[in-house]
Amino acid sequence: MTVLTVARRRDAPAWRTRAADQESRSVGPAPHLAWPSDPHRATAVMNITIHASFLPHNDPDASLAFYRDTLGFEVRNDVGYEGMRWITVGPAGQPGTSIVLQPPAADPGVTEEERRVIAEMMAKGTYAGILLATADLDGAFARLQASDAEIVQEPTEQPYGIRDCAVRDPAGNMIRIQALR
């Protein structure tokens, strides 16, 4: 749950609305906001979830095989446009959580120098990553070892209280998988 605090000037009018056939009028706080004891601050409690995260790929078929066949994710969408592909995958049984595998630097605002830097960082595995979790870390790691995934770290008890492993996907993205406890 995310809490958003909005400051309001002391002389600012209350929340306003405009109906098509009415003058603009003061209506007090928006119905989804709760006024705290300070009348000049509003606190909104918003129900926000993480719907999708983006990871770059430089070989859509290799990335698709890794996420679908090795991690067991389902393919939710596969969109091609001008020679590029955006592939949406996610864990089975969790339709509200997805990873969008996207062409790196597909944004037309990215310069050639930025594209070069992104490619270098992807090759080193320092450009992007994601943290996953499973109740069966050893089983997941065995499946990763049996594939051609690049193993970065075997399952390890970390000093900060979790047990996890790390691999790189075909694009070099760091994938850490931790044990659910």
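**Exercise 1. Confidence**

*Solution.* The model is predicted, so to speak, residue by residue: pLDDT is the predictor's confidence in each residue, from 0 to 100. Residues 1-10 form the stretch in question, with pLDDT under 50; a contact means heavy atoms within 4.5 Å. Residues 12-27 also stay under 50, and there the model has 21 contacts beyond four places in sequence. For the chain, the average pLDDT is 83, and 76% of the residues score at least 70.

Residues are numbered from 1 along each chain as its sequence is written, and side-chain values use heavy atoms, with hydrogens and water left out. In this predicted model, local features need pLDDT of at least 70 and side-chain atom pairs count only at pLDDT 80 or more, while totals for chains, interfaces and linings use all residues.

**Exercise 2. Aromatic rings**

Determine how many aromatic pairs the structure holds, and describe each.

*Solution.* Step 1: rings of Phe, Tyr and Trp (its six-membered ring) pair if their centres lie within 6.5 Å; planes under 30 degrees apart count as stacked, over 60 as edge-to-face and the rest as tilted. Step 2: searching the whole structure gives two aromatic pairs. Phe66 and Tyr67 are edge-to-face, with centres 5.0 Å apart and 85 degrees between the planes. Tyr67 and Phe73 are tilted, at 6.2 Å centre to centre and 40 degrees. Step 3: Phe66, Tyr67 and Phe73 make up one aromatic cluster. Phe66 and Tyr67 are both buried, and Phe73 is buried as well (under 20% relative accessible area, with exposed over 50% and partly exposed in between, for a 1.4 Å probe and protein chains only).

**Exercise 3. A sheet and its helix**

State the strand order of the open sheet, and identify the helix that packs on this sheet.

*Solution.* Step 1: helices (H or I, at least four residues) and strands (E, at least two) are DSSP runs, numbered from the N terminus. Two strands pair if DSSP finds at least two bridges between them. Step 2: the four strands run in the order S10-S13-S12-S11, with mixed pairing. S10 (129-134) and S11 are the edge strands, each pairing on one side only. Step 3: S12 and S13 (residues 174-179) are antiparallel over five bridges. Asp164 has Gln178 in S13 as its bridge partner. Step 4: helix H3 (residues 137-146) packs on the sheet and touches S10, S11, S12 and S13.

Notes: Axes are lines fitted to C-alpha atoms, for helices over the stretch in contact, and angles run from 0 to 180 degrees between N-to-C directions.
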